[in-house]
Amino acid sequence: MSRVVVVTGTDTGVGKTVAVAALAATARGRVVVVKPVQTGIGGADPEPRDARTVEGLTGVECRELVALDDPLAPDTAARRQGVALPPVSEHVGAVLELAADHDVVLVEGAGGLLVRLDTDGGTLLDLAVGLTEAAPSDVTVDVVVVARAGLGTLNHTALTVEALRGRGLEPWGVVVGSWPDYPGLAERCNRDDLPRVTGVPLLALVPDGVGALPPAEFVAAAPTWFDLGPASRPGG
């Protein structure tokens, strides 16, 4: 059995990449991370490439399928660059090929669930649905939602979960991508209210700033951020 975990954010900048690294660090067996579309790699001050961040923190193999210059939504960046993006169905095939010889495949989206990954309107949600429909019987597909800690996260997370359920997908859980050292009232209430409001388990609180840890410290600490039994971890 192998497992594909699609990781989406409720928005951009919610700590999704570090959360993917934390999932990779806690996964068992042969693990690979896939970034279907990376944007923002051009110019004098390019964005950090998510795959390299995860690889640097964990040592886990990472694949980047498409890279675009402008720090914009993928379809917008592609139009500005004058290139055609491969359809989401092509990404489905690439991910399932990796699942054939890996225990865990982590798929990191770009921003939120409905951000378009191709020029035909295909989204990360379409990718998750396509993987679920096309996966062979020995591959399970799950979705993890990475959310903010602060005010507004209940609405954003509930909307993301509702969109997933509208397409027949039940999220595996929610990860708070950047948990402050000194959480305020809103953060403390959100920690308790996210499972209640969404009906989805809270899997982890990833501390703010841990993306700057040395790799060995990051990998050693990652399991402490999860409220998971061994059987619930990726590949467990």
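Where is the place of Asp208? In this predicted model, in which local features need pLDDT of at least 70, side-chain atom pairs count only at pLDDT 80 or more, and totals for chains, interfaces and linings use all residues, Asp208 lies in the loop between strand S7 (202–207) and helix H8 (215–221). Residues are numbered from 1 along each chain as its sequence is written, and side-chain values use heavy atoms, with hydrogens and water left out. Helices (H or I, at least four residues) and strands (E, at least two) are DSSP runs, numbered from the N terminus.

Asp208 is partly exposed, with a relative accessible area of 47%; buried denotes under 20% relative accessible area, exposed over 50%, and partly exposed the range in between, for a 1.4 Å probe and protein chains only. Leaving aside neighbours within four places in sequence, Asp208 is in contact (heavy atoms within 4.5 Å) with Ser178, Trp179 and Pro180. Lys35, placed in strand S2 (residues 31–38), is by contrast buried, with a relative accessible area of 4%. Residues up to four places away in sequence not being counted, Lys35 touches Asp50, Arg63, Glu64, Leu65, Val66, Glu108, Gly109 and Ala110.

Asp50 also takes part in the packing of helix H1 against helix H2, in which Thr17, Val20, Ala21, Ala24 and Ala25 of H1 meet Asp50, Thr53, Val54, Leu57 and Thr58 of H2. The axes of H1 (residues 16–26) and H2 (residues 50–58) are 9 Å apart, at an angle of about 40 degrees; axes are lines fitted to C-alpha atoms, for helices over the stretch in contact, and angles run from 0 to 180 degrees between N-to-C directions. H1 and H2 are therefore oblique to each other, whereas H6 and H7 are roughly parallel, given that angles under 35 degrees count as roughly parallel, over 145 as roughly antiparallel, 65 to 115 as roughly perpendicular and the rest as oblique. The axes of H6 (residues 153–166) and H7 (residues 185–198) come within 10 Å and cross at roughly 25 degrees, the contact being made by residues including Leu154, Ala158 and Val161 of H6 and Leu194 and Val197 of H7.

A search of the whole structure finds one aromatic pair. The ring centres of Phe218 and Trp225 are 5.3 Å apart and their planes stand at 75 degrees, so the pair is edge-to-face (centres of Phe, Tyr or six-membered Trp rings within 6.5 Å; planes under 30 degrees apart stacked, over 60 edge-to-face, the rest tilted). Both Phe218 and Trp225 are buried.
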